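Here is a short report on one protein chain. Look at the structure first, then read on.

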Amino acid sequence: MNKEEFLQAVKYDEKGLVPVIAQDYHSKKVRMLAYMNEEALTKTLETGKVHYYSRSRQELWLKGETSSHYQYLKGIAVDCDGDTLLMQIEQAGGISCHTGNSSCFYTELKEDLPKAKQEVMKMENNQMLAELFTTIMERKENPQEGSYTNYLMDKGLNKILKKVGEECTEVIIAAKDNDNKELVFEVADLMYHLTVMMAVKGISWDDVAIELQQRK
């Protein structure tokens, strides 16, 4: 739909607000939840910089105006009921939360998930690469001491490319030796190092998926 049709499709609540989920364009992780009124949405579409409406201050709010952590609009969609927006954004500085975290959703449940849920996750193996990419982007934005991912990124692209080449060779050797257990292990290593390389180069598995779909 065009811009006018999109604006008409949005349904605001009794206070004139609509909730907005901000999702990182590259890693696909949810960075924050905020609200927009009609003016904030219009300014966002006009300028490309994300504007929200602050319920506490009761005023329009340009994200990053004081911190310089601007959010740049890369895509936007409205849900089937018209009462929630999903934005794809590029986050300047890698920080979305006022606490200094990359995402407002940094408080996680650490207990194991129920077994039934784990089985569902295994079945959804098409999401594994996306989840791996998200984790690697998290390490890129929030380095952790002792992280192998951060070690590779600190060493630079040449080191990462060397590891990709080594893992390619090891995949070939495992396949030639008819050792499927070792082959699975080496393929996993290769996919990991490929994902690190992609994160450094600014492309995601979604980009690869789109390219593969075009080849059907």
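This is a predicted model: local features need pLDDT of at least 70, side-chain atom pairs count only at pLDDT 80 or more; totals for chains, interfaces and linings use all residues.

At 25% relative accessibility, Glu 141 counts as partly exposed.

Residues are numbered from 1 along each chain as its sequence is written, and side-chain values use heavy atoms, with hydrogens and water left out.

## The chain as a whole

How many helices and strands does the chain have? It has eight helices and six strands. Both are DSSP runs, numbered from the N terminus: helices are H or I with at least four residues, strands are E with at least two. From the N terminus on, the order is α-β-β-α-β-β-β-β-α-α-α-α-α-α.

The C-alpha atoms fill a box of roughly 65 × 40 × 35 Å along the principal axes. The chain has 216 residues, and 29% of them are buried. Its accessible surface is about 14,000 Å². Carbon and sulfur atoms hold 52% of that surface. These areas come from the Shrake-Rupley method with a 1.4 Å probe; for residues, only the protein chains shown count as cover.

Now take contacts, meaning heavy atoms within 4.5 Å. Consider those between residues at least 6 apart in sequence: 50% of them join residues at least 24 apart.

Arg 31 sits in strand β2. Is this residue buried or exposed? Arg 31 is buried, with a relative accessible area of 0%.

Its side chain makes a polar contact of 2.7 Å with that of Asp 24. Another, of 3.0 Å, joins the side chains of Arg 31 and Glu 141. A polar contact is a pair of N or O atoms within 3.5 Å; within protein, one must be able to donate a hydrogen and the other to accept it, and residues adjacent in sequence count only if both atoms are side-chain atoms.

## Salt bridges

A salt bridge puts a side-chain nitrogen of Lys or Arg within 4 Å of a carboxyl oxygen of Asp or Glu. By this rule there are 10 salt bridges. One of them joins Asp 24 and Arg 31, with the closest N and O atoms 2.7 Å apart. Both of these residues are buried. Another links Asp 206 and Lys 28 at 3.9 Å, N to O. Asp 206 lies in helix α8 (residues 205-213) and Lys 28 in the loop between β1 and β2, so this pair ties together parts 178 residues apart in sequence. Asp 206 is partly exposed at 35%. Lys 28 is also partly exposed, at 28%.

Glu 141 and Arg 31 form a salt bridge too, at 3.0 Å from N to O. Glu 141 is in helix α4 and Arg 31 in strand β2, so the pair ties together parts that are 110 residues apart in sequence. Salt bridges with shared partners join Asp 24, Lys 29, Arg 31, Glu 138 and Glu 141 into one network.

## Thr 134 in helix α4

Helix α4 covers residues 128-141 and includes Thr 134. Thr 134 is partly exposed, at 24% relative accessibility. Which residues does Thr 134 touch, leaving aside neighbours within four places in sequence? They are Ser 27 and Lys 29. Val 187 is 53 residues from Thr 134 along the chain, and their C-alpha atoms are separated by 19 Å.

## Nonpolar cores

A nonpolar core is a set of buried Ala, Val, Leu, Ile, Met, Phe, Trp, Tyr and Cys residues joined through side-chain atoms within 4.5 Å. The largest has 15 residues. Met 36, Tyr 52, Leu 85 and Met 87 touch the most other members. The elements giving two or more residues to this core are β1 (18-24), β2, α2 (38-47) and β6 (85-91). A second, separate core has 11 residues, among them Ile 136, Leu 152, Met 153 and Ala 199.

## A nonpolar patch outside

Val 30, Leu 33 and Phe 105 form a nonpolar patch on the surface. Together they have about 270 Å² of accessible area. Patch residues have over 30% relative accessible area and no salt bridge; like charges are joined within 9 Å, and nonpolar side chains (Val, Leu, Ile, Met, Phe, Trp, Tyr) within 5 Å. Leu 33 belongs to strand β2 (residues 30-36). It is partly exposed, with a relative accessible area of 45%.

Definitions and conventions
Buried means under 20% relative accessible area, exposed over 50%, partly exposed in between (1.4 Å probe, protein chains only).
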